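User: Please take a close look at one helix in this model. I would like to know how its two sides are used and what holds it to its neighbours.

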Amino acid sequence: MRKDGMRSTAWGAYRGITEALRIRLASDEFKPGAALPSEAALVAEYGVARNTVRRALDQLTGEGLIVTRPGRGRLVADPNKPVQPIRPQYQQIAAELREQIESGELAAGAILPSESALVAQYGVARGTARQALAALQDVTVSVQGKGRYVKPR
């Protein structure tokens with residue numbers, strides 16, 4: 001048994017970690033928007049396997065107490081701001097292009113930006129740009145060697 005009263009290998013140890021973290025969150029040890037310690041730090045602190053820590057963190061995420069942000073880690077949720085789901089970048093790009101098509105900004109027959117242009121504009125990988133364009137297959141047509149065009153309605 002450790003100093004915090006938890007057994008490191010017991011079944012259901014994640015419940016104890018979840019409760020301990022819940023108490024720490026309620027005590028304002030972490031302010032809204034603050035990053036939680038890394039999984040590795042929590043593994044060392046609680047003396048359990050990484051999967052046990054992940055299960056505890058997943059429980060807190062499900063309760064809306066923490067949010068996961070790619071590139072930033074797990075953050076304390078702000079109770080005054082609803083959690084916005086994060087869409088993959090290719091979906092965001094495709095949504096912007098689709099809006100341009102639906103609004104008429106990109107009219108029927110207009111050429112869409114190339115993969116290279118999307119890479120430069122959005123600062124994403126070529127594969128991400130390719131996925132964005134592929135997500136628009138229902139409203140675009142690809143002409144080999146020429147590019148992708150808006151389909152006539």
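Just after α3, Gly 64 takes a positive phi of about 80 degrees. Helices here are DSSP runs of H or I with at least four residues, strands are E runs of at least two, and both are numbered from the N terminus. This is a predicted model, in which local features need pLDDT of at least 70 and side-chain atom pairs count only at pLDDT 80 or more, while totals for chains, interfaces and linings use all residues. Residues are numbered from 1 along each chain as its sequence is written, and side-chain values use heavy atoms, with hydrogens and water left out.

Start with the helix itself. Helix α3 covers residues 50–62, 13 residues in total. From first C-alpha to last, α3 reaches 18 Å, close to the 18 Å expected at 1.5 Å a residue. The expected span is 1.5 Å times one less than the number of residues.

Now its two sides. The buried residues of α3 are Val 53, Ala 56, Leu 57 and Leu 60. They sit on the same side of α3, because they cover an arc of only 95 degrees around the axis. That arc is taken from the directions from the helix axis to the C-beta atoms. An α-helix has 3.6 residues a turn, so residues three or four places apart point the same way. Buried means under 20% relative accessible area, exposed over 50%, and partly exposed in between (1.4 Å probe, protein chains only). The face turned away from the buried side carries the exposed residues Asn 51 and Gly 62.

The buried residues of α3 pack against α1 (13–26), α2 (39–46), β1 (66–69) and β2 (73–76). Contact means heavy atoms within 4.5 Å.

A salt bridge is a side-chain nitrogen of Lys or Arg within 4 Å of a carboxyl oxygen of Asp or Glu. Arg 50 forms one with Glu 39, with the closest N and O atoms 2.8 Å apart. This pair links distant parts of the chain: Arg 50 is in α3, Glu 39 in α2, 11 residues apart. Arg 50 is partly exposed at 38% relative accessible area. Glu 39 is buried, at 14%.

Glu 39 also forms a salt bridge with Arg 54, the closest N and O atoms being 2.9 Å apart. Arg 54 lies in α3 and Glu 39 in α2, so this pair ties together parts that are 15 residues apart in sequence. Arg 54 is partly exposed, at 35%. Glu 39, Arg 50, Arg 54 and Arg 74 are linked in a network of salt bridges.
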